[in-house]
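Colleague: I'm new to this one, could you walk me through it?
Modeller: Gladly, here it is.

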Amino acid sequence: MLEAQRALGPDWSAWLDRLPARTEGLLEEWELVREGDQAWNGHCSLVLPVRTRDGEPAALKVSFDGDEESRHEALALQHWGGRGAVRLLRADPARRALLLERLATVDLGSAPALQACEVVAGLYPLLHRPAMPQLSPVAAFVKRWVAALAEVGRDAPLPRRMVDQAVALGRDLVVDSARPEAPVRVLHGDLHYGNVLAGARAPWLAIDPKAMAGDPHYEPAPMLWNRWGEVLDTGDVRTATRARFHTLVDVAGLDEDRARDWVVVRMLLNAHWTVQDAERAGRRLDREERDWLTMCLSVAKAVQD
């Protein structure tokens, strides 16, 4: 429930206090009628099924004001124009409000993992259009993140060899991204099974972009770390992870080496952020966090072995 996010600080509490009035105001201004009492929510947004003035089904999404990752969601959806992604009907960026076409509640988690990888790989070419100048470059974020990773203490629960490798790869990828001929595309940023829903006008459509500009090879990692329990259930982490990775790369026509480098960098960054969170809180990693670290390192190893 979104109410649990009050524990994240006063900014979240203030937004949650504003949310009911903001939502009611949008319903009235945009002449929308709620459809039943159902509501969906993610980590930082509320989504309501609604009907437009013409009776068309739609979805009203209101997101947390302070979520920088979703700052350009409306811009990306407008740029895609419904090609490979949910269609944007109306937006109010100041209030972080979007009116979206209504999709089914069935996501790619319902499909076999490799079939889902084929679907996502087929969406990449539709989404990876030339980037708009307003988007933040992923390389700028990675440069900062990698610099912090390079400073991790040798007592951190991360293999130093893998840390050094990720730092070196990350720096090389940042430099390479600055080349004039380097592709700069719109990146979804968080394209995984749960962010692809079934639609009426297309079998599967992406939702919830964390839009940035950069190298399309940045994208595959979330498809490897999600639905991890299924990988463990196979009893062969290496084979199952590599099967997903190669399906994504082969179907999308990505460069295998470049995609692999990005996976390694992203997985070590994920692991480092977990370590940082525990350090800032002045506590040891709990069991769930240790499992997350194990998963991050396992994925990074599997795509290289």
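Modeller: To begin with a term, the expected span of a helix is 1.5 Å times one less than its number of residues. This is a predicted model, in which local features need pLDDT of at least 70, side-chain atom pairs count only at pLDDT 80 or more, and totals for chains, interfaces and linings use all residues. Residues are numbered from 1 along each chain as its sequence is written, and side-chain values use heavy atoms, with hydrogens and water left out.
Colleague: How far does helix 5 reach from its first C-alpha to its last?
Modeller: Helix 5, residues 160-177, reaches 26 Å over its 18 residues, close to the 26 Å expected; helices here are DSSP runs of H or I with at least four residues, and strands are runs of E with at least two, numbered from the N terminus.
Colleague: Which residues of helix 5 are buried?
Modeller: They are Met162, Val163, Ala166, Val167, Leu169, Gly170, Leu173 and Val174, where buried means under 20% relative accessible area with a 1.4 Å probe, protein chains only.
Colleague: And what covers them?
Modeller: The cover includes helix 4 (138-150), helix 9 (256-280) and helix 10 (287-302), counting a contact as heavy atoms within 4.5 Å.
Colleague: Switching topic, where does Leu187 lie?
Modeller: Leu187 lies in strand 7, residues 185-187, and it counts as buried because its relative accessibility is 0%.

Methods
Buried < 20%, exposed > 50% of the residue type's maximum accessible area, 1.4 Å probe, protein only.
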